[in-house]
Amino acid sequence: MNILIRVLCLLAGYCFGLIETGVLYGKLKGVDIRKYGSGNLGMTNALRVLGPKAGLVVFIGDLLKAFIPSLIANIVFRNIYPDTYMLYVLYTGFGAVLGHNFPFYLGFKGGKGISSSAGAIIGLLNPWMCLILLTIFIVTVLITKYVSVGSIVLLLSFAITYVIFALNDLLCFNREIPDSKAAMIESIILACIMALLAIIRHKANIGRLIRHEENKLSFHKSK
């Protein structure tokens with residue numbers, strides 16, 4: 001039964017993740033965002049190609065499509081499985097990230113999943129974790145001027161913070177209950193996979209950073 005719940009959460013999240021905000025907004029403006037800039041479907045490319053408004057719209061859309069299903073999972077499972085529900089919330093959010101990154105109807109070529117990952121993290125409804133990660137992201141971007149660096153650091157920080165919170169009993173898990181402890185370990189692995197996926201999706205950015213060719217944050221449309 002629990003395996004079926006995991007699969008259903010993953011599939012539900014994936015379906016939400018298929019709503020590609022960047023493509024939809026681009027079509028409203030008569031632009032196929034996949035053919036401009038980096039070709040990425042996420043917030044950063046929308047910002048560079050179509051300007052600040054587009055960047056904000058795409059960011060909010062991509063965040064909400066992971067947050068909403070995660071929130072629903074949180075509400076549904078919190079009372080049913082009080083000692084393990086965060087695992088199912090994380091599966092749902094991760095599914096949304098997979099849907100965004102690998103949409104089947106676009107040849108599995110989507111975005112990098114950072115905004116959706118942020119939505120999944122917020123869906124855990126842990127304000128202290130969100131505050132810590134938001135601070136880390138903002139400070140990183142302000143210092144480096146690279147959204148890609150901030151994005152990678154954000155997901156790495158999420159994995160580290162999640163582990164720290166879990167091991168210090170700041171999440172829903174009860175390590176004295178075998179099933180809850182096993183769910184905690186599984187959720188830690190899932191959080192680490194999300195971070196690893198973010199790094200893999202930024203492989204090209206990492207190469208450009210090494211060659212000093214990565215574009216810094218700008219609020220102007222590309223020419």
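Residues are numbered from 1 along each chain as its sequence is written, and side-chain values use heavy atoms, with hydrogens and water left out. Because the model is predicted, local features need pLDDT of at least 70 and side-chain atom pairs count only at pLDDT 80 or more, while totals for chains, interfaces and linings use all residues.

**Stop 1: helix H6**

Select residues 114-122, helix H6; helices are DSSP runs (H or I, at least four residues), numbered from the N terminus. H6 is mostly covered, with eight of its nine residues buried, where buried means under 20% relative accessible area, exposed over 50%, and partly exposed in between (1.4 Å probe, protein chains only). Among the buried residues are Ile 114, Gly 119 and Ile 121. Now display the cover: it includes helix H3 (43-50), H4, helix H5 (85-101), H7, H8 and helix H9 (178-201).

**Stop 2: Asn 126**

Asn 126 counts as buried because its relative accessibility is 11%. A polar atom of its side chain lies 3.1 Å from the backbone nitrogen of Met 129. Beyond the neighbours within four places in sequence, Asn 126 is in contact (heavy atoms within 4.5 Å) with Phe 165, Leu 170 and Leu 171.

**Stop 3: aromatic pairs**

The structure holds five aromatic pairs. Rings of Phe, Tyr and Trp (its six-membered ring) pair if their centres lie within 6.5 Å; planes under 30 degrees apart count as stacked, over 60 as edge-to-face and the rest as tilted. Select Phe 77 and Tyr 81: the ring centres are 6.2 Å apart and the planes stand at 35 degrees, so this pair is tilted. Phe 77 is buried at 13% relative accessibility, whereas Tyr 81, at 23%, is partly exposed.

Then select Phe 158 and Tyr 162, whose ring centres are 5.8 Å apart with planes at 65 degrees, so the pair is edge-to-face. Both residues lie in helix H8 (residues 147-167), four residues apart, about one turn of the helix, and both are buried.

**Stop 4: a nonpolar surface patch**

Finally, select Leu 56, Phe 59, Ile 60, Leu 64, Ile 68, Ile 72, Val 76 and Ile 80, which make a nonpolar surface patch of about 650 Å². Leu 56 lies in helix H4 (residues 52-80). Patches are made of residues with over 30% relative accessible area and no salt bridge; like charges are joined within 9 Å and nonpolar side chains (Val, Leu, Ile, Met, Phe, Trp, Tyr) within 5 Å. A salt bridge is a side-chain nitrogen of Lys or Arg within 4 Å of a carboxyl oxygen of Asp or Glu. Accessible areas come from the Shrake-Rupley method with a 1.4 Å probe; for residues, only the protein chains shown count as cover.

Notes. Helix = DSSP H or I, 4+ residues; strand = E, 2+ residues; numbered from the N terminus. Polar contact = N/O pair within 3.5 Å; in protein donor to acceptor, adjacent residues only side chain to side chain.
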